[in-house]
Structures are given as structure tokens and as C-alpha cells.
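Reader: Hi! Could you walk me through this one?
Author: Happy to, let's have a look together.

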Amino acid sequence: MSYDDGMRVRREVLGDAHVDRARERTTEFTADFQDLITRYAWGEIWTRPGLDRRTRSCITLTALVARGHLEELAMHVRAARRNGLTTDEIKEVLLQTAIYCGVPAANAAFAVAQRVLAEETG
């Protein structure tokens, strides 16, 4: 996949505002990293035909909870909504993480998701 394909999917999943902010913050030091994630995460993985974006969002939410990446989790809760997950489906994913990732991790994830979802509706 090309950089352009990755950027298209990145914008569809994360939204123009997020991607524009990331690009504005890009420096000479971080430019190669931005290129890497655009080409490989978005251009190679998120464009593969084997899973739909809703499923990829569920997997991504779980992985971020498991690793404790709460700032990234907030971004991907928004992305999950853009990919069609309902609030109840996000709740179910987080409940699942309580069993497989641990209750403290899920508790922190619920706090992040509740804040993000409230921002969307409020």
C-alpha cells in the first residue's frame, strides 16, 4: 500500500482534525515515525481485507487496555465510534478486557471511555 492509501484510511478512522494535529506537530525528529505509522499501521494493516474496521477497532481497544496505553485508548474509542461501534459494544469490549487484561486495567479504561463518550454527546 502507498502512503496515500494509509493517509486516506488514517483520516477515515481517526478523523481529519486528529490527523491534521499530528501532522502539524511533526518535526524533523518525528517525521520518519509519522511516515512509518501511516504506511504500515494504516496503509498495510488497517487496509487488509481479512477483518472489517469494526473488528479491528475491538482488537485495538483490547490491546491498548492490555498494555495500559490510556492516551491512545481515548483516541481509539473515538475511532471505534467512527467505525460504527455503539456505546454498548464498546462497553462489552471493555467488560471482556476485565477478565483477560485485569480489573484495574478495565477500570482505568472505563474511566477514559466514559470521558470520551461524554465529550461526544455533550
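Reader: Great, so where is Ala 74 found?
Author: Ala 74 sits in helix α5; helices here are DSSP runs of H or I with at least four residues, strands are E runs of at least two, and both are numbered from the N terminus. Before we go on, this is a predicted model, where local features need pLDDT of at least 70, side-chain atom pairs count only at pLDDT 80 or more, and totals for chains, interfaces and linings use all residues. Residues are numbered from 1 along each chain as its sequence is written, and side-chain values use heavy atoms, with hydrogens and water left out.

Reader: Thanks! Is Ala 74 buried or exposed?
Author: Ala 74 counts as buried, at 6% relative accessibility. Buried means under 20% relative accessible area, exposed means over 50%, and partly exposed is in between, using a 1.4 Å probe and protein chains only.

Reader: And what does Ala 74 touch?
Author: Leaving out residues up to four places away in sequence, Ala 74 touches Val 112, Arg 115 and Val 116, where contact means heavy atoms within 4.5 Å.

Reader: Switching to α2, which residues are buried there?
Author: In helix α2 (residues 16-24) they are His 18, Val 19 and Ala 22. Seen down the axis of α2, these buried residues fall within an arc of 95°, so they line one face of the helix; the arc is that of the directions from the helix axis to the C-beta atoms.

Reader: What do they pack against?
Author: The buried residues of α2 pack against α1 (3-14), α3 (31-45) and α5 (70-82).

Reader: Where is Arg 56, by the way?
Author: Arg 56 is in helix α4 (residues 53-67).

Reader: Last topic: how many disulfides does the structure hold?
Author: It holds 0 disulfides, a disulfide being a pair of cysteine sulfur atoms within 2.5 Å. For Cys 58, the nearest cysteine sulfur is that of Cys 101, 13 Å away.

Reader: How accessible is Cys 58?
Author: Cys 58 is partly exposed, with a relative accessible area of 26%. Cys 101 is partly exposed too, at 25%.
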